[in-house]
Amino acid sequence: MPKVFITRNIPAIGPDKLRKQSGWEIDQWSKDEVIPRDELLRRVKGADAVLSLLTERIDAEFIEAAGPQLKVVANLAVGFDNFVVPELTKRGVIGTNTPDVLTDTTADLAFALLMATSRMLPQAEKYVKDGHWHTWEPLGFMGQDVHHATLGLLGMGRIGAAMARRGAGFEMKVIYYDAYRRQDLEQQYGYEYRNSIEEVIRESDFVSVHTPLTEETRHLMNAERLAMMKKTAILINSARGPIVDPDALYDALKNGTIWAAGLDVTEPEPVPSDHKLLTLENCLIVPHIASASINTRNNMSELAADNIINVLEGRAPKTPVNKEVVEQKGLK
Ligand code: GLV
């Protein structure tokens, strides 16, 4: 009898679908907080499949705690830096993620951060609520223009491309760097490729990060690169927190090296309530909500469940992260 463990309370559509599989045993940590590691390691014992979150590190210890019957770990996220993929692959365990279903919703939030920081919405809203709005102010809340500004994308994957479309809709000039050049998009939409990260950073009014977190991208936005940004430029990070060095960002925001930052992700995450970045007016931080629309979170939940159902019924999952294991097992 297949056993599935779900590591958190998530939109019910996926868990409900799993519970409808006849004879399957579904266990779930149904709290709205991270499952303690020792509890996780105990509860996954004997699981054939685990539906995990980015808060769970899926490493050798985890896979061994589950046992040799483990077939698939389905992440409820597109990013899977919480997976030690070689450990999964070595043991013949399939890992899956939730790409595509969250692309536009994530780009919407990244663009919302761009709009909010450039036009100082959090500061302006606080000003009104604090009772300071007494007159129309010719010098009040003068922000940066979005339209016709240059949007620089570090990464032109699915979410980067969705951000580019939003920028184009605001008549922005879109430039990008990615190790994988997208000449198709350049021809179709007029986006411009730059030969290096630094060229993008120097030229942009908005630098938006859309790369996975890897050893190469950890602290990609460090003091040196932040110093290359225009003084009027804004940094947006909706990818992963550690891509931006938080100490360097604090200094850059505090010293006026850059104008503002909008972050959906932080290092560490969650950001502690006494963190120095929270003392800065020009740093807008939201709690990793880029994919948080009702539709998208439902779709993520369903896709993660479908990936599990496919594997446990002997078919290929829709969105594997280690295709070689799917091929080795001959799943179609
Ligand atoms: C969320 O951060 C995701 O990777 O889906």
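Two strands are paired if DSSP finds at least two bridges between them. Strands (E, at least two residues) and helices (H or I, at least four) are DSSP runs, numbered from the N terminus. The model is predicted: local features need pLDDT of at least 70, side-chain atom pairs count only at pLDDT 80 or more, and totals for chains, interfaces and linings use all residues. Residues are numbered from 1 along each chain as its sequence is written, and side-chain values use heavy atoms, with hydrogens and water left out.

The chain holds 13 helices and 12 strands. Along the principal axes, the C-alpha atoms fill a box of roughly 70 × 50 × 30 Å. Of the 332 residues, 54% are buried, meaning under 20% relative accessible area with a 1.4 Å probe, protein chains only.

Strand β9 (residues 206–209) has two pairing partners among the strands described here. Strand β6 (residues 150–154) runs parallel to β9, joined by 4 bridges. In this pairing, L154 is the bridge partner of V209. Strand β10 (residues 234–237) also pairs with β9 in the parallel sense, over 4 bridges. Here F206 is partnered by I234. From β9 the chain crosses through helix α10 (residues 223–228) to β10, and this β-α-β crossover is right-handed: with the strands pointing away from the viewer, the path from the first strand over the helix to the second runs clockwise.

In a regular strand the side chains alternate between the two faces of the sheet. In β9, F206 and S208 point one way, V207 and V209 the other. All four are buried.

Technical notes:
Buried < 20%, exposed > 50% of the residue type's maximum accessible area, 1.4 Å probe, protein only.
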